[in-house]
Amino acid sequence: MDPVCCDIFVKWHYTGCVPNDDPWALCQLYILADQNENLALRRAILTQIVNVNFAPDLNDSNTAAVVSSLPENSALTRYLLDRTSYHQRAETIQIHTDMPVEFVETLKELIKKPRHWLDDCPCCDKPCNYHEHNTVEDWKLSCAESGPYPMPEPAYLRAEI
Ligand SMILES: [Zn+2]
Ligand SMILES: [Zn+2]
């Protein structure tokens, strides 16, 4: 673990929250949390990523490296897909050549769908969409009381996938 990630991890360990840090460091730590099956840490990181409105540059080799290190169905990957497809005009999206093919294919499908651009996005202010809640009951137990976060949309409940 690099020193920045280590520092974030220690803060999370003692406070239950990750600091508002460089999103790239958060993404690196997320990869470790994914490998270690640390759901609580993944949730804390995604809460912060959503709070800072992290807007990934898909034409950056760092983004491609993060996506390549995660399973296709990871919550962070889904956030990156949503944040791009809802907030960026299709014709302006540029994708790094190292980006995994499946990610590019999924993104192409998403941007085909007509949407009310910027309205009703699943990403902003809705971290629970990326908390891997299995059911509404799980959300009630883990997030409903502790934060002002809206309930995850049905398509984001893992039990529905
Ligand atoms: Zn959004
Ligand atoms: Zn939640």
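**View 1. Pro114 lies in the loop between H6 and H7.** The model is predicted: local features need pLDDT of at least 70 and side-chain atom pairs count only at pLDDT 80 or more, while totals for chains, interfaces and linings use all residues. Residues are numbered from 1 along each chain as its sequence is written, chains are lettered from A and ligands numbered from 1 in the order written, and side-chain values use heavy atoms, without hydrogens or water. Helices are DSSP runs of H or I with at least four residues, strands are E runs of at least two, and both are numbered from the N terminus. Pro114 has a relative accessible area of 81%, so it counts as exposed. The cut-offs are under 20% for buried, over 50% for exposed, and partly exposed in between, with a 1.4 Å probe and protein chains only. Glu37 is 77 residues from Pro114 along the chain, and their C-alpha atoms are 35 Å apart.

**View 2. Four residues hold the zinc ion (ligand 1).** The donors are His87 (NE2), Cys121 (SG), Cys123 (SG) and Cys124 (SG), at 2.1 to 2.4 Å. A donor is an N, O or S atom within 2.8 Å of the metal (3.2 Å for Na, K and Ca); water is not among the atoms, so sites may look incomplete. The spacing along the chain reads H-x33-C-x1-C-C. One pair links distant parts of the chain: His87 sits in helix H5, Cys124 in the loop between H6 and H7, 37 residues apart. Both His87 and Cys124 are buried. Which angles make this arrangement irregular? The four donor atoms subtend 100 to 135° around the zinc ion (ligand 1).

**View 3. The zinc ion (ligand 2) has a tetrahedral site.** Its four donor atoms make angles of 101 to 115°. Four donors count as tetrahedral if all angles lie between 85 and 135 degrees; square planar (four) and octahedral (six) need opposite donors over 155 degrees apart and all others between 65 and 115; anything else is irregular. Ideal tetrahedral angles are 109.5 degrees. Cys128 (SG), His131 (ND1), His133 (NE2) and Cys143 (SG) coordinate the zinc ion (ligand 2) at 2.0 to 2.3 Å. Their sequence spacing is C-x2-H-x1-H-x9-C. His133 is buried because its relative accessibility is 0%. Cys143 is buried too, at 8%.

**View 4. Thr77 sits in helix H5 (residues 75–87).** Is Thr77 buried or exposed? At 3% relative accessibility, Thr77 is buried. Its side chain makes a polar contact of 2.9 Å with that of Ser74. Such a contact is a pair of N or O atoms within 3.5 Å; within protein, one must be able to donate a hydrogen and the other to accept it, and residues adjacent in sequence count only if both atoms are side-chain atoms. Leaving aside residues up to four places away in sequence, Thr77 touches Leu70, Pro71, Glu72 and Phe103. Touching means heavy atoms within 4.5 Å.

**View 5. The chain as a whole has seven helices and zero strands.** Buried residues make up 43% of its 161 residues. Of the contacts with a separation of 6 or more, 67% join residues 24 or more positions apart. The C-alpha atoms fill a box of roughly 45 × 35 × 25 Å along the principal axes.
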